[in-house]
Amino acid sequence: MGREDVSLTYTGIMKQGDKRVVKIRFTRNGEKDFAECILPGGTIEKSQGFSEKELASLRFYLKANEKDLYQKAKEITGLRGFLRS
């Protein structure tokens, strides 16, 4: 990827049908460029402004860091439950 800063945000673990998923969003240029992804699998559901080569790098990143991203999402999910009580 270029020199621009790419930000990553993610949700807690959510139910989608019978699956437990985490939604991931990469952004840069103040959200003009984005890629919306889903774990498991690292599928890119929607993107704008990233080249195919960059999207391949994002998919690789997701697969390489899937376990860590799920762990972080699990912490958010636990925090949501704590805040509700």
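1. Asparagine 29 counts as partly exposed because its relative accessibility is 40%, where partly exposed means between the limits for buried (under 20% relative accessible area) and exposed (over 50%), computed with a 1.4 Å probe on protein chains only. This asparagine lies in the loop between strand S3 (19-28) and S4, and its phi is near 55 degrees, a positive value in a residue other than glycine. Helices (H or I, at least four residues) and strands (E, at least two) are DSSP runs, numbered from the N terminus.

2. Before reading further, please note that this is a predicted model, in which local features need pLDDT of at least 70 and side-chain atom pairs count only at pLDDT 80 or more, while totals for chains, interfaces and linings use all residues. Residues are numbered from 1 along each chain as its sequence is written, and side-chain values use heavy atoms, with hydrogens and water left out.

3. Glutamate 31 is also found in the loop between S3 and S4, and its phi, near 80 degrees, is again positive in a residue other than glycine. With a relative accessible area of 47%, glutamate 31 is partly exposed.

4. In the loop between strand S4 (33-39) and strand S5 (43-48) one finds proline 40, which is joined to leucine 39 by a cis peptide bond with omega of about 5 degrees.

5. The largest nonpolar core has 15 residues, and those with the most contacts inside it are Ile24, Phe26 and Ala35; such a core is a set of buried Ala, Val, Leu, Ile, Met, Phe, Trp, Tyr and Cys residues joined through side-chain atoms within 4.5 Å. Two or more residues of this core come from each of S3, S4, H1 and helix H2 (66-84). In soluble globular proteins, nonpolar side chains tend to be buried together.

6. Leaving aside neighbours within four places in sequence, isoleucine 24 is in contact with residues including Leu8, Ala35, Leu39, Leu62 and Leu69, where contact means heavy atoms within 4.5 Å.

7. Tyrosine 61, placed in helix H1 (residues 52-64), is partly exposed, with a relative accessible area of 35%. Not counting residues up to four places away in sequence, tyrosine 61 touches Leu8, Phe26 and Leu69. From C-alpha to C-alpha, tyrosine 61 and glycine 42 are 8.6 Å apart in space and 19 residues apart in sequence.

8. Isoleucine 13 sits in the loop between strand S1 (7-10) and strand S2 (14-16), and it is buried, with a relative accessible area of 10%. Although isoleucine 13 and threonine 77 are 64 residues apart in sequence, their C-alpha atoms are 5.9 Å apart in space.
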